[in-house]
Amino acid sequence: FGRAARFGRSAEKIADALGDLWTRAYAKTLTAVALALSGQPAEALPGLEEAVGLFRRAGDAWWRGVAQFRLARYLVTVGRLPEATAIARRAQDECCADGLPESRIAMLVPWAEASGGRVPAEVLARERAWLANDVSRGMFLIGSGVQRIAEARFADAAELLGEGERRIGDF
């Protein structure tokens, strides 16, 4: 993954030289993913934070949501749970406002992970209507499964988590 991180940094420099805001945001995201996958999730965070802002400035709501999802997941990985919860909640609200069904459902996963499963039942009920495909269904099931763990409903949680993982597959 070191090679991927070097490639991402090179792409960042090229985007800077060209004044290309969107490409810089995308390159920041690629670099951050490479760092996280190489076991350096804390080093990925500043780049993802910047990417979120750059995608917001570029007007790309979908990629902003992707960067927010990764940021929240990596914050969970490094144990910064209150920050991860806040980012996932905000991202979920923004994805709802922007009409991004898969992204709004995906945000339930880091929100549930970071908050110990404390995603309001009314949010989960609202999101059931947006289950458009197996990936979004899988994300929803995983978020619901983590919520069930917080409620000490372990048998339900195991079933939901297993089904969620099955639906997502190699996504």
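**Entry 1: burial**

I count a residue as buried when its relative accessible area is under 20%. With that cut-off in hand, I went through this predicted model and found that buried residues make up 47% of the 171 in the protein chain.

**Entry 2: the fold**

Next I looked up the secondary structure. The protein chain has 10 helices and 0 strands. Reading along the sequence, I noted the pattern α-α-α-α-α-α-α-α-α-α.

**Entry 3: overall dimensions**

I then asked what radius of gyration the chain has beside that of a compact globule. For 171 residues the globule would come out near 16 Å, and the protein chain has 16 Å, so the two agree. Along the principal axes, the C-alpha atoms fill a box of roughly 55 × 30 × 30 Å.

**Entry 4: surface and charge**

The accessible surface of the protein chain comes to about 8,600 Å². Carbon and sulfur atoms account for 56% of that surface.

For charges, I noted 23 positive and 22 negative ones in the protein chain. Their mean positions lie 2 Å apart.

**Entry 5: the cysteines**

How many disulfides does the structure hold? I found 0. Cys 96 is in no disulfide, and its nearest cysteine sulfur, that of Cys 95, is 7.3 Å away.

Cys 96 has 22%, so I put Cys 96 down as partly exposed.

**Entry 6: a look at Gly 145**

I finished with one glycine. Where is Gly 145? I located Gly 145 in helix H9, which covers residues 134–150. With a relative accessible area of 0%, Gly 145 is buried.

Which residues does Gly 145 touch, once I leave aside neighbours within four places in sequence? My list reads Ala 157, Leu 160 and Leu 161.

Gln 40 is 105 residues from Gly 145 along the chain, and their C-alpha atoms are separated by 28 Å.

Technical notes:
Residues are numbered from 1 along each chain as its sequence is written. This is a predicted model: local features need pLDDT of at least 70, side-chain atom pairs count only at pLDDT 80 or more; totals for chains, interfaces and linings use all residues. Side-chain values use heavy atoms; hydrogens and water are left out. A disulfide is a pair of cysteine sulfur atoms within 2.5 Å. Buried means under 20% relative accessible area, exposed over 50%, partly exposed in between (1.4 Å probe, protein chains only). Helices (H or I, at least four residues) and strands (E, at least two) are DSSP runs, numbered from the N terminus. The radius of gyration is taken over C-alpha atoms; the globule rule is 2.2 Å times the number of residues to the power 0.38. Accessible areas come from the Shrake-Rupley method with a 1.4 Å probe; for residues, only the protein chains shown count as cover. Lys and Arg count as positive and Asp and Glu as negative; His and the chain ends are not counted. The place of a charge is taken as NZ of Lys, CZ of Arg, CG of Asp or CD of Glu. Contact means heavy atoms within 4.5 Å.
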